[in-house]
Amino acid sequence: MLKEEREFLAVFNFSYLNIQPSCKDKGKEQWDKNQDSETEMGNKQTIFTPEQLDAYQDCTFFTRKEILRLFYRYRDLAPQLVPLSYINKPDVKLPYELIGSMAELKDNPFRQRIAEVFSEDGEGNMTLDDFLDMFSVLSEMAPRDLKAYYAFKIYDFNNDDYICKSDLEKTVNKLTRNELTPEEVSLVCDKVIDEADQDNDGKLSVEDFQHMIVRAPDFLSTFHIRI
Amino acid sequence: MGRKKKCALQVIMEDVGMEIDGQVESDSESEEDEEGEKATRKQHSKEAIKSSGHERKKQNKNGEEAELEEKAEAPRQKRTTKKKSHKMNDSDGESEAGEAASRKKKREKKASGKDQKEAENKEKQTNKNRKEQDKKQKKNPAESSSSSSASNSSDEESLSEEELMRLKEQVEEKKKLISTMRNKPWRMVKKLALLREAQAFVEQFEGALGKGKGKKFYTYKMMMAKKWVKFKRDFDNFKTQCIPWEMKIKEVESHFGSSVASYFIFLRWMYGVNLVLFGLIFGLVIIPEILMGIPYGSIPRKTVPRAEQATAMDFSVLWDFEGYIKYSALFYGYYNNQRTIGWLKYRLPMAYFMVGVSVFGYSLMVVIRSMARNANENTGDGDDNNFTFSWKMFTSWDYLIGNPETADNKFASITTSFKESIVDEQESNKDENIHLRRFLRVLANVLIICCLCGSGYLIYFVVKRSQTFSKMQNIGWYERNEVEIVMSLLGMFCPPLFETIAALEEYHPRIGLKWQLGRIFALFLGNLYTFLLALMDDVNEKLTEEVVIKNITHWTLLSYYNSSAMNDSAVIPPPIDPADMPRGPCWETTVGIEFVRLTVSDILVTYVTILVGDFMRACFVRFVNYCWCWDLEAGFPSYAEFDISGNVLGLIFNQGMIWMGSFYAPGLVGINVLRLLTSMYFQCWAVMSSNVPHERVFKASKSNNFYMGLLLLILFLSLLPVAYTIMSLPPSFDCGPFSGKKRMYDVIQETIKQDFPLFIAKIFSYVANPGLIIPAVLLMVLAIYYLNAVAEAYQHANTELKKKMQMQRDEEKNKRNNKAMTSSAMQDLDHSLDPSAKSVSQPKPAEEQIRLYQKKQPCRERSKKQQPHQLWERRNACTTTTLCDDNTTTKA
C-alpha cells in the first residue's frame, strides 16, 4: 500500500516536474506583483473578488495577504490544475498525494489523517476551501476549542466519534514508528483510557478529550502549523 | 383647512420622523370614522416599521439605543406639551382629547395581537409585500390622513419598542455569528453560506438599528493580537537561542533520555557558575595585578631563582607548573604585600582576601538558591501528572516540524519519553514479595557498608604506611606510589561492585542512581581525605622549613643593614639581585600548584578514558564485528553506556578541587572554565557517536536537587580546609599579598583601622565579640528548626489535600458514570417534548444551531454547579436513575 503510494507520488512528481518550475516562477512573480500593487488594488481582483476575500477573511484566521499566499501555495502544488481565477468558483480538487507532499506536512505522521479530516470527501482530496480551512484551524490564532475539536477528529481514525483503543494504538505506533513492543503499546493505551476516560465506557468521547486537552500545557504550541 | 394641514403634517412626518407624531395624533381623532381606521390600520402598522426604518437609515449616525430611549420617554411629554400648543392653533381638538386617549388604548390592544403575529413571521416578510402596502397607502393619502397617522403613531410606539428590541437582538446575534464564524468547526462551504446569509440579514436590518462599528475595531484587534503573538514567538526563539547548547542538549535528550541530559544540564549550570567566579577573580585580582602591580623581576617573589633559571622555560618544567608559570600571577606567591598599587590606589591584598571569601559566598548562595527554586518547582506542579500518557500521546508531536532530521529526533524523543513513563508505570505497579525485597535491600546495604568500611580502612592503613615510608631512605617505586595505586584501584573496582550489589535491591533506576551516587561519593571522600592529609603534612613541613630560612634571610638582611648603617645609608635596598635572594618555600604556592596539577591530570584522565573506553571500544566493536567469531555488538564488549553517576561525581569532585585551590591559585578557575567548555563539546560528541542508550531509559527527576545536594556537601567540605588555613596558619613571610602579617585576615582589621572612621572599628569589634555571635547562631538554629517544622506541616497538609483530590476525582468519575445514564434518559424526555415545540416556531437552521448551542451552555453550567453535591448524589444515584427510567417509560 505504502509502496504503491510512493510510486504514485514519484510518477506524479515526475510528470509535473517539467512544467512546475516555470509555473512556480510565474506564480511567484504574480505574488511579488501583488505585494507591490497591494495598495493600488491591482491584481487581486483577478483571483478573488473583494467580496470573496472578505468572506474568506471572516471565515478564517488569515489576513488578505495570507489568504493570497496560501492560494499561491495551493496553486504551486499543481499549477496546471488550479486556475488563476476563483471568481467563478471552479470545482478543483488536489489529490492527497500532492497535499501530503507539502513541506509543512510531509514529516508529520498524521498527515493523511489531517488531509482526510479537512477534505470534504474524507479521502484527503482538497479544494481550496478545505485547504484554507485546514491551515486556519492549525494557525496560531485559532482558539483552543476549535483546535481540540479537530485534533479529536484527527486522532479518531475510524471516524466513529470516539477514540477507542485501536485508534490509540494507531496513534502510538505512528508517534514512535513502531519502536515499542505490542505489550508496551497496549499498556500505554490502557493508561491513556484510564486517565482520560471520564465516563468509564472504555473509549474517549469528545468531552473526555476536551477535558483532557484543555489542561495540557503545550497543546496550543504544538498543534499548529506556521505557513 | 384642517385637512390640508393634516396632509401637510403627514408629509412632514414622513420626512422628519416620529418627533412630530404626537402632534399629529392629538388632533386627528375626530375627523375619521372608526371603520376606515380598521381597514387601514393593518397597512399603517406595517408602514410604520417601514417608514421608521427609512428614516433611521437617513439618520443612522445616531446611536440606536439613544433613539430608542428617547422614543420610550418622549411620547408622553410631547403629547402633553403639544396638546397645549394645539389648543392655541386648533380649537376643535380640545374636546376630543379625553376620547382620543380611551380609543388609543383599544387600538393598542388590537395592534399588539397583530404585532405578535408580525414578529413571528417577520422574517418571511419580503420587501414586495411592503412595497405593495406602500403603494396602497400612497394611492389614497386622503383616506389615511389624520386618523391613519394617529393609529400609525400609536401602533408604532408599541411596535418599535418590542419589535426593534427583537430585531436588534437578532442583528446582534448575526453579527456575533459573523465575528465568530472562523471559530466554528464547520466546512468552508457551510461557513461561507451562513456568512452570506448573516451578512444579508445584517445589511437588511442594520440600517434600522444603526450601523455596527465593531468590524473595523475587530480587525484592528485581530491584527494587534497577531502582531503580539508574532513578537512573542520571535522573542521566545531569541531566548532559546540565547541559552547556550540548548539544541545540543535537546538532541542528546531525544536519544538518551532525560537522565543523561540532566548531566549535561548540570554541566552547563556549572559552567555558568564558574564563569562568574572567573570574572570575579580575573577582574578584581589578576588583571589589576598585571596592569598596575610591580613588574616581573623587580622583587624576589616575582623572579625565578637563579638555580632554576636555566630550565625555567623547558616544557617539562612548565608542564609541572614550575619555572615561569610558578612565578606568575596565576599563583598566590607572585602577589606583593603593598597596601595599594598603581595610580588608582587599588588595595590589592584587601581585594584578594575579599574575592577569596566572595567566591565561597557566591557559590553557596547560588547552590542554595537553585536548590530552593527546584524545590519550589517540585511542589508547584504536584497534581499535573494525571494525564501523563494522554498528553504524551496527543500533544507531544510538534506539528511545526518540517524537516526530516528534526522529525527523526522527535520520533526518538517521543519513543524515549514513552519508555521512561512505561518504566515509571511498571515500577509503580510492581508488587511482589515485599519481605524478600526488604531483606535483599538490607542485605545489599550491609554489604556496601562493609565494602566502604573496608576501603576506608585500607586507605587509612596505606596512608599510615606511606608516612613511615616517607621517613625511610631508598624506597622502591611501589612504596612511593602505593597510596595512589590503591586509590585508583578502589576507584576502578568499587563502583561496578556497588552496581552489582545494587541489582539486588531492585530500585527504580532513578532511585538506584541516587543510591549509587551516594555510595560512590562516600568512597571518593576517602580519596579526598588522603589527599588533604598529604597536603597538610606537606604544609607543616614547609612551615618548619620556612622558619629556618626566615632566620637566614633575617640574618643576611640584618648583617647588610648593619653594614649599611655603618655607611650612613639605611634606606637603599640591598644590592643583591632579586634572583639571588634566599627565599622561603612559600607553602601557599605549593598548595596551589598541587591543586592545579590534580585538576589537569583529572582532565587528561577523563578525556583519555572517554577516548579509549568509549570511542575506541565503539570503533572496535563496530568494525571488527565483520570478522569476529561472535556478535560483538550484541555480545560481550558491546557499546558503552553513558556513565551518569561517574560523570556527575567527577564533575562534583572537580568543582570541590577548584573551590579549594582557587584561593592559592587564582588561575585555576580559568583552567576549569576551559575544561568545562571543552568537555561540553567533547562529551556531547562522544555520547552521540559512541554510546548507546541505557537499557531502561528512565526519566530524571525534574529537579536535579540530588546533584545539588552533593555539590553543597562538597562545597562545605572544601570550605573547611581553606577556612582553617586562613584562620590558623601564618602566611609565608616573603610571598603573597599577606606576607609580613601574623594571620591572613589581619588585612581586614588593618583596613578597618586605617581607612574607616573610629566608630566603625568599634562596631566591628562589638559584632565580632563571641558574646554576640553565639546568641546569633543560637537564634539561627532556632529559626531553622521552626521553619523546618512549618515546612513539614505544609507537606503533610499537601499530601492530605492530594489524597482528597484523588478521592474527589474518583467520585466524580463514578458520578459521571451514573449521570451518563440519567442524561440519556433526559434526552429521551426532550425528544418526546420536542415535536410540539417545533411546530409552534420554525426558526431557520442557523438560528436553530445557535439556540441549541445556547441551550447547551446553561445545561453545562448547571451540571458543573451540581458537582459539589457529589457525595450525596452518589449515594442517591441508583435511586434517581431508576426513577428517571420510570419517568421516561411513563411519559414516552
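Colleague: Among contacts in chain B between residues at least 6 apart in sequence, what percentage join residues at least 24 apart?

Modeller: This is a predicted model, in which local features need pLDDT of at least 70 and side-chain atom pairs count only at pLDDT 80 or more, while totals for chains, interfaces and linings use all residues. Residues are numbered from 1 along each chain as its sequence is written, and side-chain values use heavy atoms, with hydrogens and water left out. Contact means heavy atoms within 4.5 Å. Of the contacts in chain B between residues at least 6 apart, the share joining residues at least 24 apart is 80%.

Colleague: Are helix 21 and helix 22 of chain B roughly parallel or roughly antiparallel to each other?

Modeller: Helices are DSSP runs (H or I, at least four residues), numbered from the N terminus. Helix 21 (residues 587-624) and helix 22 (residues 644-661) of chain B pack at an angle of about 160°, with axes 10 Å apart. Angles run from 0 to 180 degrees between N-to-C directions, and axes are lines fitted to C-alpha atoms over the stretch in contact. Because angles over 145 degrees count as such, helix 21 and helix 22 of chain B are roughly antiparallel.

Colleague: Is Thr127(A) buried or exposed?

Modeller: Thr127(A) is found in the loop between helix 7 (111-118) and helix 8 (128-137) of chain A. Leaving aside neighbours within four places in sequence, Thr127(A) is in contact with Tyr74(A), Val92(A) and Lys93(A). Buried means under 20% relative accessible area and exposed over 50%, with partly exposed in between (1.4 Å probe, protein chains only). Since its relative accessible area is 12%, Thr127(A) is buried.

Technical notes: Chains lettered and ligands numbered in written order. Helix = DSSP H or I, 4+ residues; strand = E, 2+ residues; numbered from the N terminus. Parallel < 35°, antiparallel > 145°, perpendicular 65-115°, else oblique.
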